[in-house]
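Here are my notes for your review. Please read them with the model open.

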Amino acid sequence: ELQDEELFESCEENGTLYRLYSPVGDEPRPLILFLHGGGECGSDNTLQLTGTLGAIKLAKRFPDMYVMAPQAPDGGMTVYEMRSRIQGGGGLVSIDIGADTESGKGARGWNREYLIGVSSCIRRMIREGKVDERRVYVIGLSMGGAGVLKELSVAPQLFASAVCICPGMNGETYEILEHLPQVPTYLATSYIDHQPVRHAYILRACQALWERGRTDVRLT
């Protein structure tokens, strides 16, 4: 019997590292994109499976769907070095371990250029007839929740819906959430996972969306 991580093929495509669970069958299937949190960045293409159980749990619950689990770059910093750097600064970006603090290719976390590469991998699978273009979904937690928001801003037409679990907030992700692309999105937050400022910014952005009539955005 295969071990959990062995259910996922190890892939590298144009500098994008990801693990892919593939269902049995030839017809186009739905795909779930899973974005890990801040503790699983790196280049081993394994920690996004073993450091958090999200991708493995999704593959076991939805065995007829593709599950793609990319690994965000670490920018040359461990999570402990990142936390020390964050605690040494001030302001919204600096106090939120769930948010990225840099952008650009190779920067730690779900930078936009890396997410463009992830999107390109999914589009290739659609062109090849593997993935149903009408049923592509994205889910992420903490830094990955922030990554979901960035992914929706990078490729809004790609996704049928999105789930953000305790997404990190900084100037970029707050702006994206406040002006969320037209993608049905469910946000789940918990005070135990949040600094008060993060929860306040999420609620403020959602209230702005609701006031503009967005009925496809839910917050729990």
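This is a predicted model: local features need pLDDT of at least 70, side-chain atom pairs count only at pLDDT 80 or more; totals for chains, interfaces and linings use all residues.

**Aromatic pairs and nonpolar cores**

1. The count of aromatic pairs comes to three. One of them joins Trp110 and Tyr114. Their ring centres are 6.3 Å apart, with 45° between the planes.

2. Are Trp110 and Tyr114 buried or exposed? Trp110 is buried, at 0% relative accessible area. Tyr114 also counts as buried, at 10%.

3. Another pair is formed by Tyr174 and Tyr201. The geometry here is edge-to-face: 5.2 Å between centres and 80° between planes. This pair links distant parts of the chain. Tyr174 belongs to helix 6 (residues 171–178), Tyr201 to helix 7 (residues 196–211), and 27 residues separate them.

4. Tyr174 has 13% and counts as buried. Tyr201 has 23% and is partly exposed.

5. Look at what sits over the ring of Tyr201. Arg204 lies over its face, 5.0 Å from the ring centre.

6. Where does Cys166 lie? Its place is the loop between strand 6 (161–165) and helix 6. Cys166 is buried, with 8% relative accessible area. Ile192 is 26 residues away from Cys166 in sequence. In space, the C-alpha atoms of Cys166 and Ile192 are 9.9 Å apart.

7. The largest nonpolar core has 43 residues. Which of them touch the most other members? They are Leu31, Leu33, Met68, Ile122, Phe159 and Leu177. Helix 4 (residues 112–127) gives the most to this core, with seven residues. In soluble globular proteins, nonpolar side chains tend to be buried together.

8. Leaving out residues up to four places away in sequence, Leu33 touches Met68, Pro70, Val118, Ile122, Tyr137, Val138, Ile139, Glu151 and Phe159.

9. A separate core of 13 residues lies apart from the largest one. Its members include Phe8, Ile32, Leu58 and Ala59. Please check both cores in the viewer.

Conventions:
Residues are numbered from 1 along each chain as its sequence is written. Side-chain values use heavy atoms; hydrogens and water are left out. Rings of Phe, Tyr and Trp (its six-membered ring) pair if their centres lie within 6.5 Å; planes under 30 degrees apart count as stacked, over 60 as edge-to-face and the rest as tilted. Buried means under 20% relative accessible area, exposed over 50%, partly exposed in between (1.4 Å probe, protein chains only). Helices (H or I, at least four residues) and strands (E, at least two) are DSSP runs, numbered from the N terminus. A charge sits over a ring if NZ of Lys or CZ of Arg is within 6 Å of the ring centre and within 35 degrees of the ring normal. A nonpolar core is a set of buried Ala, Val, Leu, Ile, Met, Phe, Trp, Tyr and Cys residues joined through side-chain atoms within 4.5 Å. Contact means heavy atoms within 4.5 Å.
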